[in-house]
Amino acid sequence: MSDNRQRRTYLDNTRTLMVLLVVLLHAACAYSNLIPWWQVRDTPGLAYDLLIIVIDGFALPVLFLVAGLFAPSSLNRHGMRRFLLGKFRRLGIPSVALLLTLLPLAMYVGYPGPKGFGGFYLDWLASCLDWKLYYIDSMQSYAGHEWDVTPMHVWFITMLLVFFVCYALFREIRPRSLRRGPSRYGIAVLLCLAFSGLGYAALSLLMTPLAWAKIGPFFLFQPVRIPYYAGFFILGVFLAENGWLESRGVFAGPWWLWMIGFAVSSVFSIAVGGKCIGVPGGLPPLLALAAGLSRTVTAFTAIAGFINLSHRFLNRPGAVQAGLAASSYHIYLVHLPFCIFLQAAFFPLALGSGIKMAAVFLLATLLSWLLSLALQRRVIQAGGKDVFCPGDR
């Protein structure tokens, strides 16, 4: 196995670890006070709130950065047209399939209406035609739209697809504009982080960081996080275009030192985030700046720590790691409905919330993995291409 391939193995395992942490986050949602709109509301606890806050602080930035790391090689190999067609096929088609099948079933778990699933499903399909912009910053603003079509966790896939399109168009217009010498790596990294943190802070002046916006059936996002996530995707693209994978593949310093920085910055970020809760409208300037910079530092230290950790300990292929890595995209796609179904099934049982959450996490991961293996086996037998494969290579 080549050195380059080994580097990609540890990045695959980093991505897999982040996906499993996202599954754990969603497994905890039924037991948290932070998500009052969740379909299943079981006995809450502070530990689950903290778990969600910590994972939310870094998992998705890591996934966006890893996606950016793999994007240049895919674009160089396929060209713009095939690159975009591949992304629409591998990201767009599964999103539509989920929107028509598992997602309405998951939403129906908490549906109190008298229509039954058939009536609910017809309303779900009808609301797909509504492409108005909805801004949701409270349960009051959410009222009346609880049962409209929503992409739920697939918002990450649609946002990633938008980033891929923007990157391909940018490369078509300015093909070499991201190329820099190794001596300028530090400056470029700081610029990407500044874009993330200051962009988050600037938008936090105008709206609450917890607010969501929805456009049509596919686009659900937190507006203040758009530059935040884009900055990490751009950072991944920059590192890849400048040969970071081939020359280094890790960040300077030992993994444990980055993890200490991550732990310290997480504490500060949680403290700042606590002051943001309940602030009406936008944040005061200093609080907005502290929120943007602390969140960005937390995400970057986590990125460096987990990538270096994976390079040190998860850089060899193994049956379990390889199987999970091959299925990580599938697991992300289908895990959320399984989490909700299992949370509803465990709700009446006289078990502790910790036991329920652990069971939901393990079973949702296992069921998603088994479904992934079944899909892959069916595609292989049919001799076709797997539209559920992320195709990052």
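Among contacts in the protein between residues at least 6 apart in sequence, what share joins residues at least 24 apart? Hi everyone, the share is 80%, where contact means heavy atoms within 4.5 Å.

A quick word on the source. This is a predicted model, in which local features need pLDDT of at least 70, side-chain atom pairs count only at pLDDT 80 or more, and totals for chains, interfaces and linings use all residues. Residues are numbered from 1 along each chain as its sequence is written, and side-chain values use heavy atoms, with hydrogens and water left out.

Now the overall build. The protein has 14 helices and 3 strands; these are DSSP runs numbered from the N terminus, helices being H or I of at least four residues and strands E of at least two. The radius of gyration, taken over C-alpha atoms, is compared with a globule rule of 2.2 Å times the number of residues to the power 0.38. The protein comes out at 21 Å, close to the 21 Å from that rule for 393 residues, so it is as compact as a globular protein of that length. Of those 393 residues, 53% are buried, meaning under 20% relative accessible area with a 1.4 Å probe, protein chains only.

On to the sheet, which is open, with 3 strands in the order β1-β2-β3 and antiparallel pairing. Strands pair if DSSP finds at least two bridges between them. At the edges sit β1 (133-136) and β3 (219-221), each pairing on one side only. Between β1 and β2 (residues 212-215) there are 4 bridges, and Y134 stands opposite K214 in β2.

Technical notes. Buried < 20%, exposed > 50% of the residue type's maximum accessible area, 1.4 Å probe, protein only.
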